[in-house]
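This briefing sets out selected features of the structure shown below. It begins with individual residues and then turns to the chain as a whole.

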Amino acid sequence: MSGAEHGLSEVLGRTFPFPRRHFLSVLDLNPVDVAALLDLAEGFVDLNRQAAKKLDLLKGRTLINLFFENSTRTQSSFELAAKRLGADTINMSPRSSSITKGETLIDTAVTLNAMRPDILVVRHAASGAASLLAQKVSCSVINAGDGQHEHPTQALLDALSMRRAFGRIAGLRVAICGDILHSRVARSNVGLLQMMGAEVRLVGPPTLIPAKADRWGVQVFHDLRQGIAGCDVVMMLRLQLERMDGAFAPSPREYFRFWGLDREKLGAAADHVKVMHPGPMNRGVEIDSDVADDLTISLIQDQVEMGVAARMAVLAALAARLDNA
């Protein structure tokens, strides 16, 4: 057996049925599920680095990307993951569909359900939209970000990047910094990282920290240097100005002065610190280019690569569940 064939056999041997019909929240998983998905994703990382990347795990299956919000990175990642697993993939843009003519989300669900897709990947500006769709369709639904609620596959790929960098997640000290209030990425990461034994801190101006964040089992800091002191991972978040109605933050220049990550502030973290960002980045606002582009400390490009592998793992596990059903 060749090395490529052995690698493929190993990946297929790790595939397992997803624990639920839908993937709406990190709370749909337990630590054993997360570890199994990360192991499966590791196999897909190796596969994706080979010349021949195409499998037929989803052959005959149809995946629809339904994105009510723009997200080139997440949508293309799901599309690439599905195609590499052999699925037929359709991208739907609500702005060019009947939704702009007054069709409701439930109407859309009924219409899509009649097309008999196998997996529906949904991004929507309203929290709970993916859960609502999941109640109205007979296929599996993946939450690709709903309002300020969750983005579970982002947390999974972030965990994969961390585990590959440090060999573990348990015991890591992770600081999530910036616009926590409007971030579904932060909420999913807090849940998954704590589940896997990491210590999580939230750092940001008081106006951008949720009022009940101290009940999440995290430490809350308003000073960036104090918040990242001794941390293994510093994850910066984008200022989501499109979700802000009022003065949540000072000018971009002032924000960077106090809460933007540069070399000087990063000196407070652990010597072996790794920097992450879910993208897209506002350079010179939440992070300095000198930090973001330093591949000795930055995992930002790695996160993009891990996004395809992690989503392949989720799709493969969902396909295994569909096959069993």
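In this predicted model, arginine 116 counts as exposed because its relative accessibility of 69% lies over the 50% cut-off. Arginine 116 belongs to the loop that runs between α4 (105-114) and β3 (119-124). Although arginine 116 is not a glycine, its phi is positive, at about 55°.

**Valine 137**

- Valine 137 has a relative accessibility of 7%, which is under the 20% cut-off, and therefore counts as buried.
- The loop between α5 (129-136) and β4 (140-146) holds valine 137.
- When residues up to four places away in sequence are left aside, valine 137 touches Arg21, Ala109 and Asn113.
- Valine 137 and leucine 299 are 162 residues apart along the chain, and 37 Å separate their C-alpha atoms.

**The cis peptide bond**

- Glycine 279 and proline 280 are joined by a cis peptide bond, with an omega of about -10°.
- Proline 280 lies in the loop between β9 (274-276) and α11 (289-292).

**Domains**

- The chain is divided into two parts: domain 1 covers 3-150 + 305-323, and domain 2 covers 152-299.
- The contact between them draws 36 residues from domain 1 and 26 residues from domain 2.
- Taken over C-alpha atoms, the centres of domain 1 and domain 2 are 26 Å apart.

**Overall fold and dimensions**

- Twelve helices and nine strands are present in the chain.
- The radius of gyration of the chain is 20 Å, which agrees with a compact globule, because a globule of 325 residues would have a value near 20 Å.
- Along the principal axes, the C-alpha atoms occupy a box of roughly 55 × 55 × 35 Å.
- Of the contacts in the chain with a separation of 6 or more, 75% are between residues 24 or more positions apart.

**Burial, surface and charge**

- Of the 325 residues in the chain, 54% are buried.

How values were computed
Residues numbered from 1 in each chain as written. Predicted model: local features only at pLDDT ≥ 70, side-chain atom pairs only at ≥ 80, totals over all residues. Heavy atoms only, no water. Helix = DSSP H or I, 4+ residues; strand = E, 2+ residues; numbered from the N terminus. Rg over C-alpha atoms; globule rule 2.2 N^0.38 Å. Buried < 20%, exposed > 50% of the residue type's maximum accessible area, 1.4 Å probe, protein only. Contact = heavy atoms within 4.5 Å. Domains from an automatic or database assignment.
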